[in-house]
Amino acid sequence: MTTATLLRGFERVAALLAAVAGGLILVMSLWITYDVLSRYLFDVASPWSFDLSEYSLVWITFLGAPWVLMQDRHVRIEILVDALPVPAQRALGVTMSIIAIGVCVVLAWRTGIAAVEYFRNDIMMPRIWRIPRIWPYAVVPIGSFLLACAFVVRLGLYLVDPDPESTLRARATAVSGR
């Protein structure tokens with residue numbers, strides 16, 4: 001299996017997870033609309049709506065983050081990066097990618113340990129919905145690991161591409177359709 005095949009596979013997985021995150025956003029907007037209308041029109045609260053929105057936001061964040069990074073659509077300070085010469089851009093990109101990989105791996109590791117404990121001890125959420133705590137938070141170690149993988153891909157780009165910022169800019173522009 002070649003590196004290009006692995007990269008395409010990872011990009012497909014990231015895109016699929018981002019689509020799931022987008023679907024969650026759509027469904028979340030529907031139940032929030034339902035909650036607002038039921039409160040306004042019938043004076044009936046839906047306490048489950050708040051908890052479900054909270055859990056969904058965690059899932060949306062960690063499912064979508066790898067795709068956002070792969071497409072270079074995340075928030076960043078471009079004016080600083082663009083002002084630097086290409087060798088400095090590459091050095092900064094390599095440094096930031098290595099730091100981000102480390103942070104994501106530690107986050108995946110520590111939240112993975114917590115997730116195993118939640119599962120092993122059958123810890124429940126102390127909320128309206130008495131569900132196992134593992135379900136809302138299982139996505140955190142998985143998403144963190146996938147985000148670390150996305151940073152590894154980004155690190156590879158900084159190491160082999162002669163002008164990685166131009167490549168990233170072109171990738172972001174192609175996705176947005178600008």
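Student: What kinds of residues line the largest cavity: nonpolar, polar or charged?
Tutor: This is a predicted model. In it, the lining of the largest cavity divides into 1 nonpolar, no polar and 6 charged residues.

Student: Which residues are they?
Tutor: The lining is made up of D72, R76, E78, D82, E165, L168 and R169.

Student: And which elements give two or more of them?
Tutor: Those are α3 and α7, the latter spanning 164-176. α7 gives the most, with 3 residues.

Student: What volume does the largest cavity have?
Tutor: About 50 Å³.

Student: How many cavities of 30 Å³ or more are there?
Tutor: The count comes to 1.

Student: Which helices each supply at least two residues to the pocket lining?
Tutor: α3 (78-83), α4 and α6 do.

Student: Which of the elements gives the most there?
Tutor: α4, with 5 residues in the lining of the largest pocket.

Student: How does that pocket lining divide by residue type?
Tutor: Into 8 nonpolar, 4 polar and 3 charged.

Student: Let's stay with α4 and α6. At what angle do their axes cross?
Tutor: At roughly 165 degrees. The axes of α4 (residues 86-120) and α6 (residues 139-160) come within 8 Å.

Student: Why call them roughly antiparallel?
Tutor: Angles over 145 degrees count as roughly antiparallel. The α4 and α6 axes cross at roughly 165 degrees, so the two helices are roughly antiparallel to each other.

Student: Is the crossing left-handed or right-handed?
Tutor: The crossing of α4 and α6 is left-handed. The residues of their contact divide into 20 nonpolar, 6 polar and 2 charged.

Student: Switching to aromatics. How many aromatic pairs are there?
Tutor: The structure holds 1. Y34 and W48 form it, with 6.1 Å centre to centre and 25 degrees between the planes.

Student: Stacked or edge-to-face?
Tutor: The Y34 and W48 pair is stacked. Planes under 30 degrees apart count as stacked.

Student: Where do the two residues lie?
Tutor: Y34 lies in helix α1 (residues 3-42), and W48 lies in helix α2 (residues 47-70).

Student: What does the pair tie together, then?
Tutor: Parts that are 14 residues apart in sequence, because Y34 is in α1 and W48 is in α2.

How values were computed. Residues are numbered from 1 along each chain as its sequence is written. This is a predicted model: local features need pLDDT of at least 70, side-chain atom pairs count only at pLDDT 80 or more; totals for chains, interfaces and linings use all residues. Side-chain values use heavy atoms; hydrogens and water are left out. Axes are lines fitted to C-alpha atoms, for helices over the stretch in contact, and angles run from 0 to 180 degrees between N-to-C directions. Helices (H or I, at least four residues) and strands (E, at least two) are DSSP runs, numbered from the N terminus. Angles under 35 degrees count as roughly parallel, over 145 as roughly antiparallel, 65 to 115 as roughly perpendicular and the rest as oblique. A crossing is left-handed if the near helix is turned anticlockwise from the far one by less than a right angle, and right-handed if clockwise. Ala, Val, Leu, Ile, Met, Phe, Trp, Tyr, Cys and Pro count as nonpolar, Asp, Glu, Lys and Arg as charged, and the others, Gly among them, as polar. On a 1 Å grid over the protein atoms alone, a cavity is a set of points where a 1.4 Å probe fits but cannot get out, and a pocket is an open set with protein on both sides within 12 Å along at least five of seven lines; lining residues have an atom within 4 Å of a point. Grid points are joined across faces, edges and corners, and a volume is the space filled by probe spheres set on the points. Rings of Phe, Tyr and Trp (its six-membered ring) pair if their centres lie within 6.5 Å; planes under 30 degrees apart count as stacked, over 60 as edge-to-face and the rest as tilted.
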